[in-house]
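Here's a quick briefing to keep open next to the viewer. Have a look at the model first, then work through the points below.

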Amino acid sequence: MGWCYTFRIVRKLLPFCIPAIVLWLTSAFPAASATSITGLWDATVVVNQVEIPFRFEIAQNGNRVQGFFFEGDRKIGSTSGSFADGRLKLEYDFLSTTFEGVFEGGQLHGIYRDTRPNSWALEIRAHRFAPTPVTAAGAPQIAGSWDMRRVAQEVRAPSDTRTWNLFLRQSGAEVSGSILRVDGDTGFLIGHWQNGRLVLSHFAGQGPLLFEAKLNPDGTLAIALNRGANYVAARKSEARAKGIPEPPDPSRYTSVKDPSVPFRFSFPGLDGKTISNNDARFKDKVVLLAIGGSWCPNCQDEAPFLVELYKQFHSQGLEIVGLMFEVDDNPALARPHVETFIRRYGIQYPMLLAGTTDNITQRIPQLVNFGAYPTTIYLGRDGRVRSVHAGFASLATGEEHVRLKSEIRELMERLLAENPQKGGPASAGF
């Protein structure tokens, strides 16, 4: 849930910057007609004066257009779009975002904003894609699993002391990977070595991140994120010897106050009717509670997998319930975002309006040390908590993603095989 905080400074400047930029965009460029903007674009998003490169693609059919972000090789397309008189507008309903820009002289320049009240807006610039020559000569080999931690002089809060997982893949000078925190991962970081410096970046409509690194003589990596936070990383086999502790265990990060008693929930569905753990539909069933929000990137990564689990195990006794904690405290504003989330992922299990991100500890008081969206709670057939998992490792984490899905499926099989009268141990875990 950390990426949203990147925009604190941006929010403060919104009342001053946005009117001026919009006025400039609408007046600075002459109208264009019969212009094709189809194809790949080299784009940058500007966050706190840091330019973060990303790949973008536009498909055009007359005045109708679709704009695509990329999450690795997966395209994330706009739900609607138009291009007329040199002005481009794209809408991403499932992200609650829009892009409005101007095309002139082979360049795109505009504003990408979250449409929720009092939210953020970012400047985006783009030019036609041009291949960048990259040489593999002299590129350090850094593929593998690493542990990374904030440098000591920048530790300001307990969260700064946590170790993160870093997964890197390499082909020549080309590198891809992801950072996995306890609350989820960064998505695909893509880039390459150039003149002894590794530059990776990510922006798929959300989660903008610039990753810059150099290889130190002792084999560690000196890493800067968005040019404002510095880390040191060591290969997992060497991390403890170099003073970097183990990353938090996501299956032990969050717990419950008393695992011997049934876990309680009672929240309204999108139709206003309350659904609770006492409903007959959950009696003697294995229940997976998915705490998330439509705004949460890793909740979007997790949703397709939960849909897979539901299809695979529902007939054997699995029920899934989404507990959505939205940014908006007004149900009339929150409901459309959740409905869009349901449509996008083809969700067939109930999704409840559980609260907002500000009141989750009051709404689910049985949890201890909640700190990640998503957090997934696994209940046995007796209604007791058998495991709690913080975050979700997306496809960007490679083998970790495969391992996590396999462990969850094995957990489902164990829980479904239990006798509801006898139950099982209070914590089955992964």
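A contact here means heavy atoms within 4.5 Å. This is a predicted model, where local features need a pLDDT of at least 70 and side-chain atom pairs count only at pLDDT 80 or more, while totals for chains, interfaces and linings use all residues. Residues are numbered from 1 along each chain as its sequence is written, and side-chain values use heavy atoms, with hydrogens and water left out.

**Overall picture**

- The protein chain has six helices and 27 strands; these are DSSP runs numbered from the N terminus, with helices (H or I) of at least four residues and strands (E) of at least two.
- Of the 430 residues in the protein chain, 53% are buried; buried is under 20% relative accessible area, exposed is over 50%, and partly exposed is in between, using a 1.4 Å probe on protein chains only.
- Among the contacts in the protein chain with a separation of 6 or more, 57% link residues 24 or more positions apart.

**Confidence**

- The average pLDDT (the predictor's confidence in each residue, from 0 to 100) is 90 for the protein chain, and 90% of the residues score at least 70.
- Residues 1-33 have a pLDDT below 50, and this stretch makes 52 contacts in the model beyond near neighbours in sequence.

**Gln170 and its surroundings**

- Gln170 sits in strand E11 (residues 164-171) and is buried, with a relative accessible area of 18%.
- Leaving out residues up to four places away in sequence, Gln170 touches Ala139, Pro140, Gln141, Ile142, Ala143, Val175 and Trp193.
- Its side chain makes polar contacts, meaning pairs of N or O atoms within 3.5 Å; within protein, one atom must be able to donate a hydrogen and the other to accept it, and residues adjacent in sequence count only if both atoms are side-chain atoms.
- A polar atom of the Gln170 side chain lies 2.8 Å from the backbone oxygen of Pro140, and the side chain also reaches the backbone nitrogen of Ile142 at 2.8 Å.

**Helix H3**

- H3 covers residues 297-313, and at 1.5 Å a residue its 17 residues should span 24 Å, which agrees with the 25 Å between its end C-alpha atoms; the expected span is 1.5 Å times one less than the number of residues.
- There's a bend of about 30° at Ala303, with a proline, Pro304, following within four residues; the bend is the angle between axes fitted to the seven residues ending there and the seven starting there.
- H3 is largely enclosed by the rest of the structure, because 12 of its 17 residues are buried.
- The buried residues of H3 pack against several elements, including strand E22 (286-292), helix H4 (331-345) and helix H6 (399-417).

**The disulfide**

- The structure has one disulfide, a term for a pair of cysteine sulfur atoms within 2.5 Å.
- Cys296 and Cys299 form the link, with their sulfur atoms 2.4 Å apart, and both residues are buried.
- The link is right-handed, with 80° about the S-S bond.

- Tyr373 and Pro374 are joined by a cis peptide bond with omega of about 0°.
- Asp85, in the loop between strand E5 (80-84) and strand E6 (87-92), has a positive phi near 55° without being a glycine.
- Arg227 isn't a glycine either, and has a positive phi of about 55°; Arg227 is in the loop between strand E17 (221-225) and strand E18 (229-235) and counts as exposed at 56% relative accessibility.
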